[in-house]
Amino acid sequence: MSPTETVTHAAQHLEPIISDLGLILMTAGIAVLIFKKLKQPLVLGYLIAGFLAGNHIDFFPSVTDNKSVEVWAEIGVIFLLFSLGLEFSFKKLMKVGGTASITAITQILSMTIIGYMVGQWIGWGKMDSLFLGATLSISSTTIIIRAFDELGVKGKKFVGIVFGALIVEDIVAILMLVLLSTVAVSDQFSGTALLQSVLKLVFFLIIWFLGGIFIIPTFLKKAKHLLTDEMLLIISLALCLMMVILAANVGFSPALGAFIMGSILAETTQAEKIEHLIQPVKDLFGAIFFVSVGMLINPQTLITYAIPVAIITLITIFGKATSSTIGALLSGQPLKQSIQTGMSLAQIGEFSFIIATLGMTLKVTSDFLYPIVVAVSAITTFTTPFLIKFSDPFSEYLEKKLPRKWVKNINRYSVNAQAIKSVSVWQIVLRSYITQIVLHTIIITAAIILSSKFVAPLVEDTRFGNTLAALLTLVVIAPFLWALSLRRIAVNEVEILWEERKYRGPIMMMILIRIALGLFYVGFLLNIFFSPLVAFIALIIAIAAYQFFPKKLNEQYHRIENHFLKNLNDRETTKIDRKYANLTPWDGHMSIFEIAKESNLAGKTLEELKIREQLGINIAFIKRGDITIQIPTKTERLFPGDEICVIGTDAQINEFTEYLNKNDIEIPKAVEESEIVLRQLELADSEFLQKSVSEFRRKTNALVVGIERNGKRILNPESNLTLEKDDIIWVVGDKKRMKQFVKKV
């Protein structure tokens, strides 16, 4: 083939890709302009644009190569999940309270079962029904955030519950991708296969997270001065794609790898910077993904399955709203917040598309399922803002219509559930031991597997290779073996329990289990490289050597642990958040500082502080909540929580850091911390009858925040209001002091 023919041949293959990509981006751009003007979600615009640009509509230009579009869409999924991971962070998952977890899990289980049953009732196959249930169980983070922004409700209490539930749903959606892949490949509902998939997922999640947090933040910190915006973007994308390849090789979906790497980078000090840099890439490929989703919608299919679309839409709205409301009620939330939470989560979105795409890719679902899911998502996208808006009046209406006894019991359950916050000493000890065993077992197992897979084959033919490989592996895992078997944890709690005879047996059993696990792993490692007899002799020698170096192992382990914790907490503990707008010729740059709550600077004007005169720096702006005060005047005051942007050299910035630290007020450590609780009390025969609210407060040092009298409620009653017989009062006060006067009520 001549050079001219080669170029012509390449152009023929390149032209459809470029023309199709151009068509996708052009339709996406038009959709953005129109839907921005209409103040509608952009996702919906992308779907409609894709629908019009697809092969099913003859009035508009259509794509010519569906395969290339599928490739672009798969790349779009990867970057979409990567950006979701950057916003996710596993630490957020650990901080999510029981309320959000119970709400999310109740809703997911309910909708998965309901979706499956509806699919069976309509007459679909098992796989179609199963994938339908999975797609209906996950709400849309993108749509909810957009709706909250438009309605201005972010300051309300239920919003925190919704965001917590979305965090839980994200990780459950990742788990679903793995489980559905397993079911689709095996083509059966095998409990053993599902359990193996879950354990495999947990194993790799923990290894990837621990290893990623240990290595990647350190690398980024070491290379910080070399990283330009361009380099940081390239390195972030490279890390993302590296994890995608690793996940695919292990047998997971590429989307899982992208999500995991995003969540690892979310713990670094560069997280906001990476998120900002990746935003255009995410927007580009996200648009391509959603447009490609719209291209797969066949209007004939929607006409044929119009009734199933209507049924599934109604079930999605009412089912998700009801199940989420029930979950929030079970977690102890009041009726109003529970209804607001439920009605906010009543839609499906991006993860539902990804799950439906998985079914199509694996060729286990019918062609009609995908367009049905997209149609339901489009309709629920429209309904979500209205549901959120009317959730408040609807909750008030429902509260009036429900039987009085029901409402009273719900409120009482809510108060009692929120008052129960204490965790027993035994629970603390048990959780510490289980965490210690699980984490170190996974680390040691991973190290041994890697050694047997990569080190053992290299040395199996050499004379002393096995001994060297076994010794090297043992040195690597020795600190973790020590932590698994001998490290003391929850020391104070264990000493408290040891004084009670009934806990001595369980504590000794847990200690013996840990020691036995340590010995098992040493024997298991040696058995890989030697015969059982040699392994047994080597085990005795290893145990003997193990006893001579406990202090060294202790130091080595704590060095590793401290490095990991520093990387994990760096983003939160770093006080200075550097901006990257550098004034290179003057060696100056912009940096952000936060005025501490206990700072002496709070309340003073810039003229009084004379920061510029003393330190030679300028304040570019002050950020106070959502308000930014640009180029503040000398009369502007600083308040606790203000973020101030200062411009100066490295030396001036360091001097200003010391200046802030000197003006932070130290909190006395000797003050005993009190626990403030909310209690519900019924006044039958009490010394507080016919006393005013102010007298009650003076005698008990507790605050009356609500009174229920003859079916009516009084929130934050006046101080001169008199307490009467059979009043039900809600009181806030110190837990210990309240115990003293509760007996008098």
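Modeller: One term comes first: a residue is buried when its relative accessible area is under 20%, exposed when over 50%, and partly exposed in between. Keep in mind that this is a predicted model. In helix α2, which covers residues 42-53, the buried residues are Val 43, Leu 44, Gly 45, Tyr 46, Leu 47, Ala 49, Gly 50 and Ala 53.

Colleague: How do you know that the span of helix α2 is close to the expected one?

Modeller: Helix α2 has twelve residues and reaches 16 Å from its first C-alpha to its last, while 16 Å is expected at 1.5 Å a residue.

Colleague: Why is Ile 24 called buried?

Modeller: Its relative accessible area is 0%. The cut-off is under 20%, so Ile 24 counts as buried. Ile 24 lies in helix α1, residues 3-37.

Colleague: What does Ile 24 touch, leaving out residues up to four places away in sequence?

Modeller: Ile 24 touches Val 69, Ile 288, Val 291 and Met 295. The C-alpha atom of Ile 24 is also 7.4 Å from that of Ala 53, a residue 29 positions away along the chain.

Colleague: Why is Ile 34 called partly exposed?

Modeller: Ile 34, which is in helix α1 as well, has a relative accessible area of 43%.

Colleague: Which residues touch the most other members of the largest nonpolar core?

Modeller: That core has 115 residues, and those touching the most other members are Leu 81, Leu 256, Met 261, Leu 265 and Phe 289. Helix α8, residues 157-186, gives the largest share, 16 residues. A second, separate core has 18 residues, among them Leu 601, Leu 606, Ile 617 and Ile 644.

Colleague: And what does Phe 289 touch, again not counting residues up to four places away?

Modeller: Phe 289 touches Ala 73, Gly 76, Val 77, Leu 80, Phe 353, Ile 354 and Thr 357.

Colleague: What can be said of the protein as a whole?

Modeller: The protein has 29 helices and nine strands. Of its 745 residues, 45% count as buried. Its accessible surface comes to about 39,600 Å², and 63% of that belongs to carbon and sulfur atoms.

Technical notes:
Residues are numbered from 1 along each chain as its sequence is written. This is a predicted model: local features need pLDDT of at least 70, side-chain atom pairs count only at pLDDT 80 or more; totals for chains, interfaces and linings use all residues. Side-chain values use heavy atoms; hydrogens and water are left out. A nonpolar core is a set of buried Ala, Val, Leu, Ile, Met, Phe, Trp, Tyr and Cys residues joined through side-chain atoms within 4.5 Å. Buried means under 20% relative accessible area, exposed over 50%, partly exposed in between (1.4 Å probe, protein chains only). Helices (H or I, at least four residues) and strands (E, at least two) are DSSP runs, numbered from the N terminus. Contact means heavy atoms within 4.5 Å. Accessible areas come from the Shrake-Rupley method with a 1.4 Å probe; for residues, only the protein chains shown count as cover. The expected span of a helix is 1.5 Å times one less than its number of residues.
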